[in-house]
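Let's take a friendly look at this protein and its surface. The sequence and structure come next, followed by a short report.

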Amino acid sequence: MLRKYGTTAMAIDQPVDFSIPESTVILAVSYLKKLQKTRKKRHCMPKGISNLQKSPIGNILRLF
């Protein structure tokens, strides 16, 4: 997919060698970890907003 767009995946120090299966797995796992963190934040955000609105500061902010 990356080659289709003319880009290359880079590790911290060197290019990722897609001919080695382990490199592809490590790249996929690191992508999924970032995706999981994003989804966790997205899941927790409405609860945090709800708690803020119930606090005194949230009530003051709602007036503006």
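## Overall fold

The protein has two helices and zero strands. Please keep in mind that this is a predicted model.

Of the 64 residues in the protein, 5% are buried.

## A positive patch

Which residues form the positive surface patch? The patch is made by four lysines, namely K33, K34, K37 and K41.

Helix α1, which covers residues 21–54, contains K34. Is K34 buried or exposed? K34 counts as exposed because its relative accessibility is 60%, and the cut-off for exposed is over 50%.

## A nonpolar patch

The surface also carries a nonpolar patch, formed by L2, F18 and L27. Together, these residues have about 210 Å² of accessible area.

Where is L2 found? L2 belongs to the segment before α1. With a relative accessibility of 38%, L2 counts as partly exposed, because partly exposed residues fall between the buried limit of under 20% and the exposed limit of over 50%.

Methods:
Residues are numbered from 1 along each chain as its sequence is written. This is a predicted model: local features need pLDDT of at least 70, side-chain atom pairs count only at pLDDT 80 or more; totals for chains, interfaces and linings use all residues. Side-chain values use heavy atoms; hydrogens and water are left out. Helices (H or I, at least four residues) and strands (E, at least two) are DSSP runs, numbered from the N terminus. Buried means under 20% relative accessible area, exposed over 50%, partly exposed in between (1.4 Å probe, protein chains only). Patches are made of residues with over 30% relative accessible area and no salt bridge: like charges are joined within 9 Å, nonpolar side chains (Val, Leu, Ile, Met, Phe, Trp, Tyr) within 5 Å. Accessible areas come from the Shrake-Rupley method with a 1.4 Å probe; for residues, only the protein chains shown count as cover. A salt bridge is a side-chain nitrogen of Lys or Arg within 4 Å of a carboxyl oxygen of Asp or Glu. Lys and Arg count as positive and Asp and Glu as negative; His and the chain ends are not counted. The place of a charge is taken as NZ of Lys, CZ of Arg, CG of Asp or CD of Glu.
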